[in-house]
Amino acid sequence: MTEKKSYQVLARKYRPQSFGDVIGQDHIIRIFTNAIELERFSQAYLLTGSRGIGKTTIARIIAKSINCEERHKEKNKNPGKVVSAEPCLGCPSCLAIAGQDSTSVNNDIVEIDGASNTGIDNILELQKDLMYVPPAPRFKIVIIDEVHMLSKSAFNSLLKTLEEPPERVLFIFATTEPHKVLPTIISRCQRFDLKRLSIEQIILKLKEIISKENIEKEKIIIEDEALFEIAKKADGGMRDALSLMDQVISYGLDNITAEEVRKILGLVRTEIFDTFMEAILHRNSLQIVNLFHQETESGIDTSEFFDSFLGYIGNFLLIKLGDTPSNLTKNQMENIQKLTPHFTEDEIIYIINYLIETKNNFRTSTSKQLLAELALVKLARISDMKSLKSILENMMTGSKFIPSEPQTPKPINIPNSNSTPPKPIVTNNPEPIVSKPPTNTPPIDIIQPIVSIPIEPIPAEQAPIENTLSQNPTSNDTSELLSFKDITRSSPANS
Ligand SMILES: [Zn+2]
């Protein structure tokens, strides 16, 4: 590898160069190393996954491995013997691919950035280039990054090439948005979905890199919780983790603490949300608003605050559903476990929906701050919904609350009656409940629900509740679980 005098950012310096360097994508690496060792190639591969996850990196390693001169020599020496797929990293071909950007002398590899070369002209030029294929055993390897950005005419032109690919030409496409790639293209590719890295995997890699850096130059002392914050913010991408690490290191601290990392990266302390949830429990709107102000005044962006709150509250749901969140430290987990029993599953879903709704409204709002405050104050009134729930329960057990007209369009079924099948209660239409309040009912301050009024599943007979919230928020619903697993990952930066 070439030694450079100027500072090289960590993401570039520690970019994986061989299959062994790649972490968290074992399933894909295994398939590719097998294919290369047995020389059984597909004409096209499609690598998908979020940004910074290593799609282009893997594509380059594949290219290096297939055209590595040392591997070819090894094979010639021992015909019939399986030669490891790992590229040598030292031959002219490997070196050319590693320094791809400007000094490439390797015409075997064509790299196209789909984002800036979207037109048909670029594909026509590529097709001309494909007429010159290197002699065996080398391959012409075409890597098209962000392939979904190609224009329709470019796609169609590319499709023709894929239908009748020249000998020893191999395509590797990379995309963050596979749904935008024409199905006819996808059907001609072997598709691989790259996984986001877990927090533990990122921390482990960061530690490895820090120890390498510490051997090379001055000491970087960073506490484990600080690494945890960086890994959480990176949201499964090693490149982002290293960029964040660079940002933190360049601050020039002797000892990097979690508190400093949060300050530098503008992250919210998870513990703030514990206090927040307690304030919601105690209906303390003032404390909620004060906590929010305290954070925004310290430089936290409102959207970042909501993203972090969403990430935090998603853990409540996972715990309710019997799963274990992976983005919490031991202390954070203990605190959340203490708070979770005080909220029902529906209340948590309500909070999540409400936060998402508010966050979406930020885009069109002229006063983000006010909208946020309003939303947070409303969350403090979530216990009002509890009282509504208890009144509904009263209505179901006490005869006084049954609507007098039997022909009411939305009747409420009494759960004790086993003989008749339960009918849905439409909770987002409060008409039958509110329009005729019983005289002894205390006045209820009903929140106009954003999604609907959450009601705990009625035990035993369990009448289905027809509202958007309760599209079966039961522990059996794995679709909810999957979606909230996504939410609990720290959200991408909004800057
Ligand atoms: Zn090589």
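Student: Why does E39 count as exposed?

Tutor: E39 has 11 C-beta neighbours inside 10 Å, so it counts as exposed. This is a predicted model, in which local features need pLDDT of at least 70 and side-chain atom pairs count only at pLDDT 80 or more, while totals for chains, interfaces and linings use all residues. Residues are numbered from 1 along each chain as its sequence is written.

Student: Where does E39 lie, and what is its phi?

Tutor: E39 is in the loop between α2 (26-38) and β1. Helices (H or I, at least four residues) and strands (E, at least two) are DSSP runs, numbered from the N terminus. The phi of E39 is near 55°, a positive value in a residue other than glycine. Most residues other than glycine have a negative phi, and most peptide bonds are trans.

Student: What makes L89 partly exposed?

Tutor: L89 has 16 other C-beta atoms within 10 Å, so the label is partly exposed. L89 also has a positive phi, near 70°, and it sits in the loop between α4 (69-77) and α5 (92-98).

Student: Which residues does a cis peptide bond join?

Tutor: The cis bond links A136 and P137, with omega about 5°. P137 belongs to the loop between α7 (120-129) and β3 (140-145).

Student: Why is strand β1 called largely enclosed by the rest of the structure?

Tutor: Five of the five residues of β1 (residues 44-48) are buried, so the strand is largely enclosed. In a regular strand the side chains alternate between the two faces of the sheet. In β1 both faces are covered: A44, L46 and T48 are buried on one side, Y45 and L47 on the other.

Student: How do you know that β1 and β4 pair?

Tutor: Two strands pair if DSSP finds at least two bridges between them. β1 and β4 (residues 169-175) have five bridges, in the parallel sense, and Y45 stands opposite I172. β1 is also joined to β5 (residues 190-193) by four bridges, again running parallel, with L47 opposite F192.

Student: What puts the buried residues of α15 on the same side?

Tutor: The buried residues of α15 are I288, F292 and E295. They cover an arc of only 65° around the axis, which puts them on the same side of α15; the arc is that of the directions from the helix axis to the C-beta atoms. The face turned away from that buried side carries the exposed residues L286, N290, H293, Q294 and E297.

Student: Why is α18 called roughly antiparallel to α19?

Tutor: The axes of α18 (residues 345-362) and α19 come within 10 Å and cross at roughly 170°. That makes α18 roughly antiparallel to α19. Angles over 145 degrees count as roughly antiparallel, under 35 as roughly parallel, 65 to 115 as roughly perpendicular and the rest as oblique. Axes are lines fitted to C-alpha atoms, for helices over the stretch in contact, and angles run from 0 to 180 degrees between N-to-C directions.

Student: Which residues of α18 and α19 make the contact?

Tutor: Residues are in contact if their C-beta atoms, placed from the backbone, lie within 7 Å. From α18 these are I351, Y354, T358, N361 and F362, and from α19 they are K368, L371, A372, A375 and L379.

Technical notes. A residue is buried if 20 or more other C-beta atoms lie within 10 Å of its own, exposed if 12 or fewer, and partly exposed in between; C-beta atoms are placed from the backbone. Two residues are in contact if their C-beta atoms, placed from the backbone, lie within 7 Å.
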